[in-house]
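Please consult the sequence and structure shown below while reading.

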Amino acid sequence: MKLVLIAGDGIGPEVTAAACQVIEAAGVHIDWIRADAGLGAAEHYGEPLPEATLDLIRTHRVALKGPCTTPVGKGFRSINVRLRQGLDLYASVRPVRSLPGIRTPFDHVDLIVVRENTEGLYAGLEHQVVPGVVESLRVITRTAAERIVRFAFELARHSGRHRVTFCHKADVMRLTDGLFLDCARAVADEFPFITFDETPVDNVCLQLALDPTQYDVLVMENLFGDVISDLCAGLVGGLGVVPGANLGSRYAVFEAVHGSAPDIAGKGLANPIAVIRSAVMMLDHVGERAAAARIENAVLRTLQAGIGLTRDLGGDGNTATITAQIIKNLE
Ligand code: NAI
């Protein structure tokens, strides 16, 4: 099977290499087609997201991706935003579950963050009106709003979940979130067997801090989803453990919630679990269900045993030791 691999920047090459090792050890042979994106690609080709990379994903349909660095406030537009828009990967799916062996304030967290990935304030439409005054356009379209909410309901239905919560700020952003909310209500009517709630996003943050176990599937626009995803990662052990998928009707790119972690890059300290679990989602997606389950279980056993864990999980190990333990725990 040929799949695309984008190693990315910072800790990306370290954690994606670990994921490839684990997949191979689980007995799935993937002929990786390496593609460039990120700072490295910008330096090499003068373009952080070469068209050739998009073409490779268009050809092979599925990619595993490491994080890419985006310089703050200058330089090129976020590669991730361009990649998601360019391939119409409209749904970001981030399952957030309590994990064995990781002590957190709440047990039994089991929710999925579904984020609209192509519009909102991340549409990238910013300009200067006059010096000292800038504008960013928040784009919400009926088409994109309906399809992401429908995606969330379908996901709930297929995964045996019973509640979808739409997070919004329609009281303040009356037109944009007003339209999104109307769309959400209309789509919810198609799924009378699934409970639908609409909650202001600030209240969702409060509720997540008080009792995240009350949520099942959360669906929201792009910026809210970015923020809520990191918050939710913090509830179950941090950015090192939460996987993600960017899905469209044609293509799929699997990547962790975390970024390129420049503070620990190149030191062999990064936790590869988030990318390994993103690879589990990828294996599920391409029909390698048994291998996906074996790897996920190996990760859970490794966390439970607490041997060789990386520092973000309170251990004194590194990328290599935790990867070796996961491979050892494959059954
Ligand atoms: P970050 O997620 O890279 O790091 C935040 C903190 O979490 C840091 O202290 C880092 O060391 C720690 N951390 C993250 N992943 C870890 C892991 N696997 N193991 C252990 N510790 C981990 O977020 P930050 O610093 O805001 O962003 C750095 C760069 O990454 C930026 O250029 C940003 O644009 C980019 N980024 C890229 C993403 C992507 O490609 N999907 C997503 C988020 C950020």
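**Domain interface and aromatic cluster**

Between domain 1 and domain 2 there are five residue pairs in polar contact, both residues being at pLDDT 80 or more; a polar contact is a pair of N or O atoms within 3.5 Å, where within protein one must be able to donate a hydrogen and the other to accept it, and residues adjacent in sequence count only if both atoms are side-chain atoms. The model is predicted, so local features need pLDDT of at least 70 and side-chain atom pairs count only at pLDDT 80 or more, whereas totals for chains, interfaces and linings use all residues. Residues are numbered from 1 along each chain as its sequence is written, and side-chain values use heavy atoms, with hydrogens and water left out.

**Domain layout and interface**

- The protein chain is divided into domain 1 (1–104 + 237–331) and domain 2 (120–235), with bounds that come from an automatic or database domain assignment.
- The C-alpha centres of domain 1 and domain 2 lie 25 Å apart.
- Domain 1 gives 17 residues to the contact and domain 2 gives 15 residues, where contact means heavy atoms within 4.5 Å.
- About 1,200 Å² is buried between domain 1 and domain 2, with 59% of it on carbon and sulfur atoms; buried area is the accessible area (1.4 Å probe) that two parts lose on being put together, summed over both.
- Of the area that domain 1 buries against domain 2, 32% is supplied by Y90, R94 and V96, more than by any other three residues.

**Salt bridge and contributing elements**

- One salt bridge is found across the interface of domain 1 and domain 2, the criterion being a side-chain nitrogen of Lys or Arg within 4 Å of a carboxyl oxygen of Asp or Glu.
- D88 and R147 form a salt bridge in which the closest N and O atoms are 2.7 Å apart.
- On the side of domain 1 that touches domain 2, α4 (79–86) and β4 (91–97) are the elements that give two or more residues; helices (H or I, at least four residues) and strands (E, at least two) are DSSP runs, numbered from the N terminus.
- Strand β4 provides the largest share of that side of domain 1, five residues.

- S92 lies in strand β4 and counts as buried at 1% relative accessibility; buried means under 20% relative accessible area, exposed over 50% and partly exposed in between (1.4 Å probe, protein chains only).
- The side chains of S92 and R94 are joined by a polar contact of 3.4 Å.
- Neighbours within four places in sequence aside, S92 is in contact with V113, V114, R115, N117, A245 and N246.

**Aromatic pairs**

- There are five aromatic pairs, counted where ring centres of Phe, Tyr and Trp (its six-membered ring) lie within 6.5 Å, with planes under 30 degrees apart stacked, over 60 edge-to-face and the rest tilted.
- F153 and F191 form a stacked pair, 4.9 Å centre to centre with 20° between the planes.
- F153 lies in helix α5 (residues 142–158) and F191 in the loop between α6 (176–188) and β9 (195–200), so this pair ties together parts that are 38 residues apart in sequence.
- F153 is buried at 0% relative accessibility, and F191 is buried with a relative accessible area of 4%.
- F153 and F196 form a tilted pair, 6.1 Å centre to centre with 40° between the planes.
- This second pair links F153 in helix α5 with F196 in strand β9, 43 residues apart.
- F196 is partly exposed, with a relative accessible area of 22%.
- One aromatic cluster is formed by F153, F191, F193 and F196.
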